[in-house]
Amino acid sequence: MADANAPVRRRKTPQAGDAAAAAPTKLSAPQQAMRRLGLLRDVDLALHLPLRYEDETRVAPIAALREGETAQVEGVVSDCRIEARSRRQLLVRLRDDSGELLLRFLNFYPSQQKQMAPGQRLRVRGEVRGGFLGREMVHPAIKGVEPGAPLPQALTPVYPTSAALPQAYLRKAVASALARAPLAELLPAPLVPKGLPSLREALQFLHQPPPGAPLPALEERRHPAWQRLKWEELLAQQLSQLRARQERARLQAPQLPVQEGGVREALRAALPFTLTGAQERVVAEIAADLALPQPMHRLLQGDVGSGKTVVAALCAAAAIDAGWQCALMAPTEILAEQHFRKLVDWLQPLGLSVAWLSGSRKGRQREQMLAQVASGEAALVVGTHAVIQHDVAFARLGLAIVDEQHRFGVAQRLALRHKLQAQSLEPHLLMMSATPIPRTLAMTYFADLAVSTLDELPPGRTPVLTKVFTDTRRDEVVARIRDAVTQGRQVYWVCPLVEESEHLDLQNATATHAALAAALPEAGVGLLHGRMPAAEKAAVMARFTQGQMQLLVATTVIEVGVDVPSASLMVIEHAERFGLAQLHQLRGRVGRGVAASACVLLYTPPLSATGKARLRAMAETSDGFEIARRDLEIRGPGEFMGARQSGDALLRFADLHADEALLQHARSLAPRLLAEHPAAARAHVERWLAGRAEFLKA
Ligand code: ADP
Ligand code: MG
């Protein structure tokens with residue numbers, strides 16, 4: 001009834017089946033809107049579940065209405081007039097046997113005035129308020145009815161929808177799709193957790209709950225009907241992961257066993273430090289995978305500063321020793337450039353050529369690079385996502401390494417997969433991330449992924465002391481920077497994130513840079529931001545790295561990977577605007593050398609509850625796993641793995657926190673189902689994930 005105010009138009013009852021079959025040009029606006037929401041098949045509509053419900057199954061006597069409650073009443077209009085009080089409005093008096101209620105409309109059409117003419121019988125639903133003229137409803141939903149018209153036998157569902165898809169249209173479409181959809185039980189009954197209804201029963205209940213159904217349990221998704229849906233979803237997800245893993249096991253990859261006396265050994269010997277125990281362990285884990293004829297699909301997770309780059313270099317060397325090429329891809333030009341320099345330092349003396357590919361390198365230089373990559377002369381190719389552009393053809397790509405892989409969007413990850421699959425042999429894939437994946441998340445999305453963990457930092461690191469200050473103590477902080485700089489230390493000043501405006505970011509960083517340069521005339525103060533040409537960025541980074549500059553004012557371009565061990569103080573302005581994972585990444589830029597390091601988080605009060613929780617987490621722990629756990633707690637799993645960029649949540653119904661027990665069940669059932677009931681498993685995945693499987697693999 002929420003839509004009863006909408007202009008009345010006669011529509012043929014929508015047939016969801018039609019929408020999928022009809023040619024795209026013949027689709028009505030609501031049909032197109034359904035399409036955009038992915039509601040193509042009857043099953044898709046049946047699985048499109050209400051956000052909440054409206055109870056239109058009961059009518060309350062007007063005299064019994066209480067202020068603040070939402071209720072439905074039925075009565076006859078006794079008066080309907082336009083009045084110009086402080087503003088023009090339509091006032092309608094509705095009467096039933098028990099009393100009178102005022103309906104107030106601040107916006108209205110002439111047609112509504114007609115619909116509510118005196119003598120008309122209306123059903124009205126809205127929130128009861130106490131007004132100057134007695135109890136009233138402002139902009140209630142209204143519906144004209146005949147005397148004795150029956151009340152609905154179910155709660156009215158309110159669906160997630162878009163502007164072009166009216167609630168009433170969607171309701172009808174869902175109801176008719178639900179009746180038609182093939183929802184037979186696919187899974188053997190004994191395998192379904194006890195106490196859960198069948199899928200059809202569950203959907204019937206969720207779309208059309210009977211009067212008196214427990215609304216809180218429904219709206220908080222705790223009801224057994226919801227449990228059934230969530231379990232099904234998790235099972236589909238686990239099955240598709242498992243299948244992807246089995247498919248991958250059938251693919252062929254080049255074997256890259258460790259070679260005696262190769263570059264890998266030479267690199268190890270030449271390193272200025274000894275590997276940590278954790279590095280030794282993960283290097284061995286990866287080496288074992290690379291020696292197999294199936295493509296590796298492994299995530300190397302390790303907190304910021306745990307030393308992932310050298311692991312990547314050793315793996316690259318192994319691939320090259322075996323006669324194959326390696327590609328290393330990083331999400332930003334600064335980071336890619338830094339990797340390039342480091343790898344050149346390490347590998348060039350050993351006689352290997354390292355190629356550089358980025359968006360900013362164009363023309364003849366790029367042509368030359370591409371030729372070297374295509375001929376196989378370039379053993380190692382380092383760059384941004386330019387490495388996977390379509391014109392880049394590798395002679396013999398054996399290993400692809402993706403650093404900070406969660407920073408790449410879904411589209412880029414898909415492009416990478418396609419690039420890799422274009423080879424006759426599928427290359428091995430190593431992904432690296434400093435954002436540790438909480439266990440439940442790893443179980444769900446990475447069931448298909450082997451995980452290596454660097455759980456140890458190189459020796460000699462002292463934990464970063466983190467302080468949280470209000471912005472009013474800015475002068476104190478500047479004084480502290482002056483001390484640090486006088487002692488020869490290096491400092492980052494990170495400028496706040498201005499939501500959705502790169503332009504403002506820049507203005508802000510420029511102004512801060514000017515102010516700090518004026519306040520600290522004795523220090524070299526540099527500026528780094530995303531809009532600078534790549535060469536200029538690289539020049540600033542180089543001067544900071546070489547110690548010619550003591551203070552670097554930067555936007556979040558320095559967030560990932562930047563490694564300047566002598567920097568030991570970081571100030572983050574407006575820290576309350578950053579996400580927790582991002583703050584942790586930023587802070588990871590200090591504490592990389594032997595000097596005791598500190599991080600100052602400046603914030604502007606008042607703090608929101610989540611803002612407070614984030615800053616407290618930062619002050620209390622520097623453990624990336626603990627940070628990731630708290631982050632998940634504070635904001636839920638949606639953003640991990642770049643799901644946000646795709647606009648498509650990975651799980652629609654299940655919640656990894658609340659539904660861990662269901663996840664466990666689905667996880668242990670999936671292999672058995674696939675082995676013993678392969679047809680049912682296939683049908684189940686098809687029902688749930690048709691069209692989404694590609695996305696889940698990314
Ligand atoms: P991340 O895991 O954040 O990518 P890096 O690979 O940038 O970390 O390493 C951080 C710093 O630690 C670098 O300067 C690197 O050279 C140094 N490093 C790596 N491994 C060791 C080690 N075993 N001993 C000492 N320093 C190391
Ligand atoms: Mg790194």
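Helices (H or I, at least four residues) and strands (E, at least two) are DSSP runs, numbered from the N terminus. The model is predicted: local features need pLDDT of at least 70, side-chain atom pairs count only at pLDDT 80 or more, and totals for chains, interfaces and linings use all residues. Residues are numbered from 1 along each chain as its sequence is written, chains are lettered from A and ligands numbered from 1 in the order in which they are written, and side-chain values use heavy atoms, with hydrogens and water left out.

**Exercise 1.** Locate Asp79 and list what Asp79 touches.

Solution.
- Step 1: Asp79 belongs to strand β2, residues 70-84.
- Step 2: Contact means heavy atoms within 4.5 Å. With neighbours within four places in sequence left aside, Asp79 is in contact with Leu91, Val92, Arg93 and Pro118.
- Step 3: A polar contact is a pair of N or O atoms within 3.5 Å; within protein, one must be able to donate a hydrogen and the other to accept it, and residues adjacent in sequence count only if both atoms are side-chain atoms. The side chains of Asp79 and Arg81 form such a contact, at 2.9 Å.

**Exercise 2.** Describe the sheet that contains β2.

Solution.
- Step 1: Two strands pair if DSSP finds at least two bridges between them. The strand order is β6-β7-β4-β3-β2-β5-β8 in an open sheet of seven strands, and the pairing is mixed.
- Step 2: β6 (129-131) and β8 (141-144) are the edges; each has a single partner strand, so one side of each is left without a neighbour in the sheet.
- Step 3: β4 (residues 100-105) and β7 (residues 134-138) run parallel and are joined by three bridges. Leu103 has Met137 in β7 as its bridge partner.

**Exercise 3.** Describe the open sheet of six strands.

Solution.
- Step 1: The order is β17-β22-β21-β18-β20-β19, with parallel pairing.
- Step 2: β17 (465-470) and β19 (525-528) each have a single partner strand, so one side of each is left without a neighbour in the sheet.
- Step 3: Four bridges connect β19 with β20 (residues 551-554), and Leu527 stands opposite Val553 in β20.

**Exercise 4.** Find which residues come nearest to ligand 1, and which atoms approach its oxygen atoms.

Solution.
- Step 1: A residue is near if one of its heavy atoms lies within 4 Å. Of the 17 residues around ligand 1, Gly305, Lys308, Thr309, Arg461 and Asp563 come nearest.
- Step 2: An oxygen atom of ligand 1 lies 2.6 Å from a backbone N or O atom of Gly305. For Lys308, a side-chain N or O atom is 2.8 Å from an oxygen atom of ligand 1.
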